Amino acid sequence: IFFFSSRRRHTRCSGVSWARRCVQETGGINAEYMGNSINTKSLYQHINMSTTGKGGKARGKTASTKQVSRSSKAGLAFPVGRISRFLKQGKYGERVGAGAPVYLAAVLEYLTAEVLELAGNAAKDNKKTRIIPRHIQLAVRNDEELNRLMANCTIADGGVLPNINPILLPSKTGKGKEEGVDPSQEV
């Protein structure tokens, strides 16, 4: 049992988490343990030693440990935990390794960034600030590798690439005729 006394209050705490809270509340002034006066530094060492196991490694989660997502550990924006859950629920295999959802999230994030960059360039070429399905279609179909990847995909409301067969265009072989006059328009 720890007794913490300060000028303002006298607090009695039992247990490691309570001891931490009491130290935070009182500032750790005049801490006493089993009747012996100890300073705050040695008290914190005692609290930390009680949560460590063999070799000084922590046995569980300490109060100061903050949860870090797998996405932030991998430096990704895509949710690794959600992809892991979908892989498990989809029954794609009996077991799912720890690296598989991270790798898949990285690949999906790269492909998304690539498509959005090209679609943004297509939107800028059309003097637009918002990406619409037409811009995604133009981006995918003008890129050789993405076109091969998404060959069997139909982008809703994407339209088609602007393409006119050269045979349908008027010929430009005008011998002895004025330039700028279309041969089909002659009288």
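**Close-up views of a predicted model**

**View 1. Residues that bring helices α5 and α6 into contact.** In this predicted model, the contact is formed by Val115, Leu118, Ala119, Ala122 and Ala123 on the α5 side, which meet His135, Ile136, Leu138, Ala139 and Val140 on the α6 side. Sorted by residue class, the contact of α5 with α6 comprises 9 nonpolar residues and 1 polar residue, with no charged residue taking part.

**View 2. Crossing geometry of α5 and α6.** Helix α5 spans residues 100-125 and helix α6 spans residues 133-142, and their axes come within 8 Å of each other while crossing at roughly 115°. Because angles of 65 to 115 degrees count as roughly perpendicular, α5 is described as roughly perpendicular to α6. The crossing in which α5 passes α6 is right-handed.

**View 3. The largest nonpolar core.** This core consists of 5 residues, namely Leu76, Val80, Ile83, Leu87 and Ala105, and its largest share, 3 residues, is supplied by helix α4, which covers residues 80-89. In soluble globular proteins, nonpolar side chains tend to be buried together.

**View 4. Surroundings of Ala105.** When residues up to four places away in sequence are not counted, Ala105 touches Leu76, Phe78, Val80 and Ile83; among these, Leu76, Val80 and Ile83 belong, like Ala105 itself, to the largest nonpolar core.

**View 5. The whole chain as context for the close-ups.** The chain contains 7 helices and 4 strands, which follow one another along the sequence in the pattern β-β-α-β-β-α-α-α-α-α-α. Of its 187 residues, 20% count as buried, and among contacts between residues at least 6 apart in sequence, 33% join residues at least 24 apart.

Terms used. Residues are numbered from 1 along each chain as its sequence is written. This is a predicted model: local features need pLDDT of at least 70, side-chain atom pairs count only at pLDDT 80 or more; totals for chains, interfaces and linings use all residues. Side-chain values use heavy atoms; hydrogens and water are left out. Axes are lines fitted to C-alpha atoms, for helices over the stretch in contact, and angles run from 0 to 180 degrees between N-to-C directions. Helices (H or I, at least four residues) and strands (E, at least two) are DSSP runs, numbered from the N terminus. Angles under 35 degrees count as roughly parallel, over 145 as roughly antiparallel, 65 to 115 as roughly perpendicular and the rest as oblique. A crossing is left-handed if the near helix is turned anticlockwise from the far one by less than a right angle, and right-handed if clockwise. Contact means heavy atoms within 4.5 Å. Ala, Val, Leu, Ile, Met, Phe, Trp, Tyr, Cys and Pro count as nonpolar, Asp, Glu, Lys and Arg as charged, and the others, Gly among them, as polar. A nonpolar core is a set of buried Ala, Val, Leu, Ile, Met, Phe, Trp, Tyr and Cys residues joined through side-chain atoms within 4.5 Å. Buried means under 20% relative accessible area, exposed over 50%, partly exposed in between (1.4 Å probe, protein chains only).
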